[in-house]
Amino acid sequence: MTRISRPLVLALALAAGLAQTPGAAVAQSYPAPVYAAPVPGQGGFSAFMQTLAARARAQGVRDATIRAVVDTLTYDPDVVRHDRSQPGGPAGSSPPFAPYRRQHVDAGRIAKGRAIYAASGSLISGIETRYGVPGPIILAIWGHETNYGSYTGSYDLPRSIASLAYEGRRRELFSQEFIALLKMIDRGVPRSKLVGSWAGAFGNPQFLPSVYLRVAQDADGDGYADIWSSRADTLSSIANYFRDAGWRRGEPWGLGVTVPAGFDRTSITTRLVSPRCPQVFLRHSRWRTIAEWRAAGLIPTRGIWPDPRTQATLIEPDGPGSPAWLLTGNYRVILDYNCSNFYALSVGLLADEISR
């Protein structure tokens, strides 16, 4: 596949609104894109699909696979309406974190996550050993994305992705995803499995096709990575995604802290501007070691300090005097899955609750 940025993967997955979800509460606002409107009518769509068929054929997809999919598709205006009506807000604005946290780190998700954790001990232990990613983090992703598989979408993926490519706003991205989907079918993924969100994400972890091709795992050895029905494949695939994104074995995602009164926040303001999701990263402080944060008077709200050499940034999502967290490099890996502070914080907090 052409390797797309991971934040786009999850931004598109959550755009489905499927899990209500990751980052929806803190969507960033960007200038309205300029794109070519699709040619009205099925004729224009059919002609466009032939260009995608030629590209897929050139990349080695069998003609029988291409014909079986492309010849059956029609343009779906409902998908395009969803895409064009995505919410936005003023740049830099954000609602309070507490309501989002209550919705996503709720009693139901905690209880179900703990039950799965207890029932899948040997499976999760093996995954932790192989990939180095804690089971509670993996389960928290699954819980956030689809509430442990409760809702994974019902749109026909080839039709949705083809319609989004034809629309033109993100034509090249979705053209590549459509070809990746054809490759999945060509490699044995049953056509019947290919339903998901209107934005093209599918399965328990809500992957896009290119991500599936890159990281999905056939952990149970049945011939293909079944992230729809197999718990082993689902959890291993999420773990492989995190390992691929740089998860550091043995390092926590972060910890809650109390910031002392009179703390000088001007001294820790970051001067870095991230090339991706800049509004997300600007809410983090400069990097400091845990030893430096301790010396500054911060106190853990629960548990103990990690290794004093660990680098961490401070976030106070609702401002000074509100709950605060120190965030390690592994928090950045959660952001890699979905570039939203609310999402990543809630994943970490849900994981902590599952592990208790």
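Author: Thr146 lies in helix H8; helices (H or I, at least four residues) and strands (E, at least two) are DSSP runs, numbered from the N terminus. This is a predicted model, in which local features need pLDDT of at least 70, side-chain atom pairs count only at pLDDT 80 or more, and totals for chains, interfaces and linings use all residues. Residues are numbered from 1 along each chain as its sequence is written, and side-chain values use heavy atoms, with hydrogens and water left out.

Reader: Is Thr146 buried or exposed?

Author: Thr146 counts as buried because its relative accessibility is 0%. Buried means under 20% relative accessible area, exposed over 50%, and partly exposed in between (1.4 Å probe, protein chains only).

Reader: Which backbone atoms lie 3.0 Å from a polar atom of its side chain?

Author: The backbone nitrogen of Gly149 lies 3.0 Å from a polar atom of the Thr146 side chain, and the backbone oxygen of Asn204 also lies 3.0 Å from a polar atom of that side chain. A polar contact is a pair of N or O atoms within 3.5 Å; within protein, one must be able to donate a hydrogen and the other to accept it, and residues adjacent in sequence count only if both atoms are side-chain atoms. Thr146 and Gly203 are 57 residues apart in sequence, with 8.4 Å between their C-alpha atoms.

Reader: And what does the side chain of Gln206 reach?

Author: The Gln206 side chain reaches the backbone oxygen of Gly203 at 2.9 Å. Gln206 is in the loop between strand S2 (195–196) and helix H11 (209–215), and is buried, with a relative accessible area of 1%.

Reader: Turning to H4, which of its residues are buried?

Author: In helix H4 (residues 77–84), the buried residues are Val79, Val80 and Asp83. They lie on the same side of H4 because they cover an arc of only 95° around the axis, the arc being that of the directions from the helix axis to the C-beta atoms.

Reader: What covers them?

Author: The cover of the buried residues of H4 includes strand S1 (155–156) and helix H9 (157–167); contact means heavy atoms within 4.5 Å.

Reader: How many residues of H9 are buried?

Author: Ten of the eleven residues of H9 are buried, so H9 is largely enclosed by the rest of the structure. Among them are Leu157, Ile161, Tyr166 and Glu167. At the start of H9, a side-chain oxygen of Asp156 reaches to within 3.1 Å of the backbone nitrogen of Arg159. Just after H9, Gly168 takes a positive phi of about 105°.

Reader: A change of topic: what does Met184 touch?

Author: Not counting residues up to four places away in sequence, Met184 touches Val189, Leu194, Phe202, Pro209, Tyr212, Leu213 and Trp228. Met184 lies in helix H10 (residues 171–186) and counts as buried, at 1% relative accessibility.

Reader: Finally, how many helices and strands are there in the protein chain?

Author: The protein chain has 16 helices and seven strands. Of its 356 residues, buried residues make up 53%. Among contacts in the chain with a separation of 6 or more, 75% are between residues 24 or more positions apart.
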